[in-house]
Amino acid sequence: MLQIENVSKKYGDLLALDNVFLNIPQGVCFGLIGPNGSGKSTLIKIISQIIQTDVGKVSYVRDSKDILGYVPQDISLEEKLTAKTNIEFFGKIYGLKGSRLKERAEEILKNVGLLERANDIVENFSGGMKRRLNIGCALMHNPNLVILDEPTVGVDPQSRRYIFDIVNNLKKEGKTVIYVSHYMEEIENLCDYVAFIDKGKIVEEGKINELLMKYSETSVYLESQVPYKLLLDQGLEPKTYQSGLLIKTEQPLDTLENLIKISKENHIGLEQLSLFKPKLEDVFFQLTGTDLRDQE
Ligand code: ADP
Ligand code: MG
């Protein structure tokens, strides 16, 4: 669908993107995640042809701008006009008119849950409603590739659910979605692929379930009364994690066996002992040392 090759971008002396390569397959939901200032918006503005890359290139399977629906991070709507007028404006830009325009506007307003508010002035809408309307505007021309930049920031829970539904429906229709966020659970729930970006560099990318697998079997999680010192004596390096300990190991099965043996020999009960199943957040933390939970 989309190939990004060797893309770098500077703002003055600041290197915002550093040699980015990505391949985004047709029909997937592709998550782009990274801390604030890591270059996410810059990258998708380049993909959306809003700004130009300094070097490298972006190539589409089909060479037409019409395939693309871009929802910017900063909401851009005419606040003094109604929801319907805003929606229809975007439809007109893409050449819709007459009854086709009216029908499509109604369909989209319904999809984003704003049909009842169609004739209300946007100024009075909540942040979440504005966000939904802005998404609707980008969908008027039925794009094949939809790019959403942090669509749930500053959005109420109800609108957030609507936005997830919109994304899931786009996926069902076979559209390609690029979903930019710094909320890891959203990416984990919505997307099939993810790219982690940090300081303008892609630090890891791939299918989410494969990445979770790749980073999983390297630690063992333990909840037990086994004294810390006993673990250290075994050459293990436990770290506090949630209500237990995380033990990094290259041989997780041997480590599990060893921990069972230690607890048996010392007559100490085990509350929990398992292979560590990381979340995307943990993978990102392993890769960058950055905790996105601090990014709120
Ligand atoms: P993100 O979307 O991940 O928060 P951005 O792509 O917006 O990151 O920004 C990446 C870096 O580039 C940041 O340090 C930001 O301050 C800087 N930046 C973004 N846009 C501009 C611009 N128009 N002029 C100068 N610096 C910019
Ligand atoms: Mg951004």
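Trainee: Is Glu5 buried, partly exposed or exposed?
Mentor: Glu5 counts as partly exposed because its relative accessibility is 29%, where buried means under 20% relative accessible area, exposed means over 50%, and partly exposed lies in between, computed with a 1.4 Å probe on protein chains only. Please keep in mind that this is a predicted model, in which local features need pLDDT of at least 70 and side-chain atom pairs count only at pLDDT 80 or more, while totals for chains, interfaces and linings use all residues. Residues are numbered from 1 along each chain as its sequence is written, chains are lettered from A and ligands numbered from 1 in the order in which they are written, and side-chain values use heavy atoms, with hydrogens and water left out.

Trainee: Which strand holds Glu5, and what does Glu5 touch?
Mentor: Glu5 is found in strand E1, residues 2-11; helices (H or I, at least four residues) and strands (E, at least two) are DSSP runs numbered from the N terminus. Apart from neighbours within four places in sequence, Glu5 is in contact with Val20, Phe21, Gly56, Lys57 and Ser59, contact meaning heavy atoms within 4.5 Å.

Trainee: What sheet does E1 sit in?
Mentor: E1 belongs to an open sheet of three strands in the order E2-E1-E4, with antiparallel pairing, two strands being paired if DSSP finds at least two bridges between them. Strand E2 (14-24) and strand E4 (55-60) stand at the edges with a single partner strand each, so one side of each has no neighbour in the sheet. The twist averages 20° from one strand to the next.

Trainee: How many bridges join E1 and E2?
Mentor: Seven bridges join E1 and E2 in the antiparallel sense, and Ile4 has Leu22 in E2 as its bridge partner.

Trainee: What about the sheet of six strands, what is its order?
Mentor: That open sheet runs E5-E6-E7-E3-E8-E9 with mixed pairing, and its edge strands, each pairing on one side only, are E5 (68-71) and E9 (201-207). The twist there averages 15° from one strand to the next. E5 and strand E6 (residues 145-149) pair in the parallel sense over four bridges, and Leu68 stands opposite Leu145 in E6.

Trainee: Which strands does H1 touch in that sheet?
Mentor: Helix H1 (residues 40-47) packs on the sheet and touches E3 (29-33), E5, E6, E7 (176-181) and E8 (193-198), with its direction at about 155° to that of E7. Such angles run from 0 to 180 degrees between N-to-C directions, and the axes are lines fitted to C-alpha atoms, for helices over the stretch in contact. H1 also lies across E1, E2 and E4, running at about 125° to E1. Helix H5 (residues 157-172), in turn, lies across E3, E6 and E7 at about 150° to E7.

Trainee: Switching topic, what coordinates the magnesium ion?
Mentor: Ser41 (OG) and Gln73 (OE1) coordinate the magnesium ion, ligand 2, at 2.0 to 2.1 Å. Donors here are N, O and S atoms within 2.8 Å of the metal (3.2 Å for Na, K and Ca), and water is not among the atoms, so sites may look incomplete.

Trainee: Where do those two residues lie in the chain?
Mentor: Ser41 is in helix H1 and Gln73 in the loop between E5 and helix H2 (83-93), 32 residues apart, so the pair links distant parts of the chain. Ser41 is buried because its relative accessible area is 17%, whereas Gln73, at 32%, is partly exposed.

Trainee: What is buried in H2, and against what?
Mentor: Ala83, Asn86, Ile87, Glu88 and Gly91 are buried in H2, and the buried residues of H2 pack against helix H3 (98-111) and H4. Just after H2, Gly95 takes a positive phi of about 90°.

Trainee: Last one: how much of the protein chain is buried?
Mentor: Buried residues make up 49% of its 296 residues, in a protein chain with 10 helices and 13 strands.
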